[in-house]
Amino acid sequence: KQWYQRRVRGVLKIFVDNPFPMLIIKQPQCIRCIDISMGRNKLAIIDETQTCSVYDIKTKKLLFQEPNATSLAWNTHNEDMMCFSSNGYLNHLRPATSLSISARCRAMWSASVAARYSA
């Protein structure tokens, strides 16, 4: 017998009282990592080609993509901020504007840590 591994290429929404799942997003590549934002408005997916794709769940529109991503997490206090790791670095992004703000975040974090420990 030959055994086939089923590769997941879509994100499904499952309801407890409904036997039929709803397809939210369909990916061209298999999914390796996934996270949903705090308000459940945005979905971030890392596929097998290490591409991080961020979608708006309501419109199913692709907001942006970032290459070479290995893991991701949405911020639990800010709906529009997520972090992902890439090439040994932690990157901070605001998907609403799709601008990388990692340098500014690092500077703010460094200043806040320095202020805490210097007092």
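Which residue in S4 does Ile36 stand opposite? Ile36 faces Leu43 there, and that pair is a handy way into this predicted model. Local features need pLDDT of at least 70 and side-chain atom pairs count only at pLDDT 80 or more, while totals for chains, interfaces and linings use all residues. Residues are numbered from 1 along each chain as its sequence is written, and side-chain values use heavy atoms, with hydrogens and water left out.

**The sheet**
- An open sheet is built from four strands in the order S3-S4-S5-S6, with antiparallel pairing; strands here are DSSP runs (E, at least two residues), numbered from the N terminus, and two of them pair if DSSP finds at least two bridges between them.
- Strand S3 (31–36) and strand S6 (61–66) each have a single partner strand, so one side of each lacks a neighbour in the sheet.
- On average, neighbouring strands of this sheet are turned by 20° against each other, direction ignored; the axes are lines fitted to C-alpha atoms, and angles run from 0 to 180 degrees between N-to-C directions.
- S3 and strand S4 (residues 42–47) run antiparallel and are joined by five bridges.

**The S3–S4 loop**
- Asn41 sits in the loop between S3 and S4.
- Its relative accessible area of 25% makes Asn41 partly exposed (buried is under 20%, exposed over 50%, partly exposed in between, using a 1.4 Å probe and protein chains only).
- Beyond its neighbours within four places in sequence, Asn41 is in contact (heavy atoms within 4.5 Å) with Tyr55, Asp56, Ile57, Lys58 and Glu79.
- Asn41 and Thr59 lie 18 residues apart in sequence, and their C-alpha atoms are 9.5 Å apart in space.

**Cysteines**
- Zero disulfides turn up in a search of the whole structure, where a disulfide is a pair of cysteine sulfur atoms within 2.5 Å.
- For Cys52, the closest cysteine sulfur is that of Cys33, at 8.3 Å, which is too far for a bond.
- Cys52 is buried at 0% relative accessibility, and Cys30 also counts as buried, at 6%.

**The largest pocket**
- The largest pocket holds about 310 Å³ of space. On a 1 Å grid over the protein atoms alone, a pocket is an open set of points where a 1.4 Å probe fits, with protein on both sides within 12 Å along at least five of seven lines.
- Its lining residues (an atom within 4 Å of a point) include Ile36, Leu43 and Ile57.
- Strand S1 (10–13) and strand S2 (22–26) are the elements that give two or more residues to this lining.

Notes: Grid points are joined across faces, edges and corners, and a volume is the space filled by probe spheres set on the points.
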